[in-house]
Amino acid sequence: MLKISSPALRAGLQALLAADASIKVVNDSLDEESEADVMITSASPASFLGREPAASSSAGVLLLSGDPLPVEEMKRLPHVWGILPVDSSAEELTAAVRALSQGLIVGAPQLLFESDSEPIERGPLTERELEALNLLARGLANKQIAVELGISEHTVKFHVSSIYAKLNVTNRTEAVRAGLRGGWIAL
């Protein structure tokens, strides 16, 4: 669903998204309400702060904005789970729509974090477990993670097991999802 006030931007987004066969634009007007997995809007991030969500909507919201919305603020908002700059590429936009439809947080680092050196909160994980979780998120196998971190594959298995226990998850996908939702890792 597109909630874009600019007709030119709305038309461009509709054409861009229509090029991807896996994405269907169900409503490209501001006049009618419909159920969608993802709503794309160009509203200001500030307009979402302190706002109650629509009771019937469970759609993830992708903000197209140049104004930052730190990940900690996003975590407090029930439906805002993505923010990209207005000049994002077609690939970035379609990837964001797919990720949001799966309940993941999406964002350009410059809009989520105040600076590149800002430490990301680790949550319940140790620094090494967080490194392992980031590599899990990149899709690396245990052997590849071991090479990247300069540790044995057995130690990687230990870290992965510890991550599962601390995040109360049972597989890599759930672990990465928990890390993204917690704002401890970013893709």
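This is a predicted model: local features need pLDDT of at least 70, side-chain atom pairs count only at pLDDT 80 or more; totals for chains, interfaces and linings use all residues.

Me: Why is E129 called buried?

Reply: Buried means under 20% relative accessible area, exposed means over 50%, and partly exposed is in between (1.4 Å probe, protein chains only). E129 has a relative accessible area of 4%, which is under 20%, so E129 is buried. You'll find E129 in helix α5. Across the protein's 187 residues, 43% count as buried.

Me: What does E129 touch?

Reply: Not counting residues up to four places away in sequence, E129 touches P124, H159, S162, I163 and K166. Touching is contact, meaning heavy atoms within 4.5 Å.

Me: And I163, is that one buried or exposed?

Reply: I163 comes out at 0% relative accessibility, so I163 counts as buried. I163 is in helix α7, and beyond neighbours within four places in sequence, I163 is in contact with L125, E129, A132, L133 and A175. The C-alpha atoms of I163 and P124 are 8.8 Å apart, though the two are 39 residues apart along the chain.

Me: Why is N168 called exposed?

Reply: N168 has 71% relative accessibility, and that is over the 50% mark, so N168 counts as exposed. N168 is in the loop between α7 (153–167) and α8 (172–182).

Me: What makes a group of residues a nonpolar core?

Reply: The members must be buried Ala, Val, Leu, Ile, Met, Phe, Trp, Tyr or Cys residues, joined through side-chain atoms within 4.5 Å. The largest such core has 41 residues, and those with the most contacts inside it are I40, L62, L93 and L133. Helix α5 (residues 127–137) gives the largest share of this core, six residues. There is also a second, separate core of nine residues, which includes M1, I83, A108 and L111. In soluble globular proteins, nonpolar side chains tend to be buried together.

Me: How do you know that β2 and β3 pair?

Reply: Two strands pair if DSSP finds at least two bridges between them. Strand β2 (residues 38–41) and strand β3 (residues 60–64) have four bridges, in the parallel sense. Among the partners, V38 goes with G60 and M39 with V61. Strand β1 (residues 2–3) also pairs with β2 in the parallel sense, over two bridges, with L2 bridging to I40.

Me: Which way do the residues of β3 point?

Reply: G60, L62 and L64 point one way and V61 and L63 the other way, and all are buried. In β2, V38 and I40 point one way and M39 and T41 the other, again all buried.

Me: Why are α1 and α3 called roughly perpendicular?

Reply: Axes are lines fitted to C-alpha atoms, for helices over the stretch in contact, and angles run from 0 to 180 degrees between N-to-C directions. Under 35 degrees counts as roughly parallel, over 145 as roughly antiparallel, 65 to 115 as roughly perpendicular and the rest as oblique. The axes of α1 (residues 7–18) and α3 (residues 90–101) come within 10 Å and cross at roughly 75°, so α1 is roughly perpendicular to α3. L13, L16 and L17 of α1 meet A90, L93, T94 and V97 of α3.

Me: What about α6 and α7?

Reply: The axes of helix α6 (residues 142–149) and α7 come within 8 Å and cross at roughly 105°, so α6 and α7 are roughly perpendicular too.

Note on methods. Residues are numbered from 1 along each chain as its sequence is written. Side-chain values use heavy atoms; hydrogens and water are left out.
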